[in-house]
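Please look at the sequence and the model below before reading on.

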Amino acid sequence: KDDFISMASHQLRTPLTSIKGYISMIKEGDAGKVTPQQKQMLEQAFFSSQRMVYLIADLLNVSRIRTGKFIIETAPANLTKIVGEEIEQLSEIAKSRGLKLVYQKPKTKVPDLLLDETKTRQIIMNFIDNAIYYTPTGGTITIKLINNPSTVELRVVDTGMGVPRSERAHLFSKFYRASNARTARPDGTGLGLFMAKKVVVAQQGSIIFESKEGKGSTFGFSLPKE
């Protein structure tokens, strides 16, 4: 099973990379002028392709965890820039669903952190993407990057459905999804939060999670500066 998941995931990544590349070229006008409506539709297609890339990465990483091959590859990374880029990529999706994205940047400069940038981007995208899908029209999603003396915190605060109290203890388990989340979004896999915790802990950090059913949730992480 693990060999099949690994093989299939690798084979799927190649055509997806091509799809993303061509969408990006068309979006930038390389094939002719693009209208605002066409650009918005291409943005949605590009983001959906990126979500598929991340889903494949989740499947690969779960397989690697089972076989002891899961590796965190760190290098200095600018978390302020990464968060801003992920918000920009998701802003059109939020707008199309009648939601407001607010980015509260840190008041002081955040030093570069040793991160696995690809996996960290995936976590940030997952937190914001979940907030978008589980927050009703008219809601607000606030992304806070906080520069503490010894840590840097990311908090994605939504005004969505929240998580039932009885189900919170299981939320970061593999393939687990809260009952109200399954109703709102049947296509979820239950891998995003599981992998988020694995990656954050592997980078010496900790997960942030707070929720009130019917009021909203906060998902995020705290990472050490050294």
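With which residue does glutamate 43 form a salt bridge? The partner is lysine 27, and the closest N and O atoms of the two are 3.6 Å apart. A salt bridge here is a side-chain nitrogen of Lys or Arg within 4 Å of a carboxyl oxygen of Asp or Glu. Glutamate 43 belongs to helix H2 and lysine 27 to helix H1 (residues 2-27), so the pair ties together parts that are 16 residues apart in sequence. The structure holds 8 salt bridges. Side chains of opposite charge can pair when their charged atoms come close.

This is a predicted model, in which local features need pLDDT of at least 70 and side-chain atom pairs count only at pLDDT 80 or more, while totals for chains, interfaces and linings use all residues. Residues are numbered from 1 along each chain as its sequence is written, and side-chain values use heavy atoms, with hydrogens and water left out.

Next comes the sheet. Helices (H or I, at least four residues) and strands (E, at least two) are DSSP runs, numbered from the N terminus. Two strands pair if DSSP finds at least two bridges between them. The model has an open sheet of 5 strands in the order S2-S4-S5-S7-S6, with mixed pairing. Strand S2 (100-104) and strand S6 (206-212) are at the edges with a single partner strand each, so one side of each is left without a neighbour in the sheet. From one strand to the next, the twist averages 10°.

The pairings can be followed across the sheet. S2 and S4 run parallel and are joined by 5 bridges; tyrosine 103 has isoleucine 143 in S4 as its bridge partner. Isoleucine 143 also stands opposite valine 156 in S5. Strand S4 (residues 140-147) pairs with strand S5 (residues 151-157) in the antiparallel sense over 6 bridges, and a hairpin of 3 residues joins S4 to S5. Between S6 and S7 there are 7 bridges, again in the antiparallel sense, with serine 211 opposite serine 217 in S7. These two strands, S6 and S7, form a hairpin with 3 residues between them, and glycine 214 in the turn has a positive phi of about 85°.

The helices remain. Helix H4 (residues 117-133) lies across S2, S4, S5, S6 and S7, and runs at about 165° to S7. Axes are lines fitted to C-alpha atoms, for helices over the stretch in contact, and angles run from 0 to 180 degrees between N-to-C directions.

Helix H2 (residues 36-67) and helix H6 (residues 192-202) have axes that come within 10 Å and cross at roughly 55°. That makes H2 oblique to H6, since angles under 35 degrees count as roughly parallel, over 145 as roughly antiparallel, 65 to 115 as roughly perpendicular and the rest as oblique. The contact (heavy atoms within 4.5 Å) is made by Asp58, Asn61, Val62 and Ile65 of H2 and Gly192, Phe194, Met195 and Lys198 of H6.

The axes of H4 and H6 also come within 10 Å, crossing at roughly 140°. H4 and H6 are therefore oblique to each other. Their contact involves Lys119, Ile123, Asn126, Phe127 and Asn130 of H4, together with Gly192, Leu193, Ala196, Val199 and Val200 of H6.
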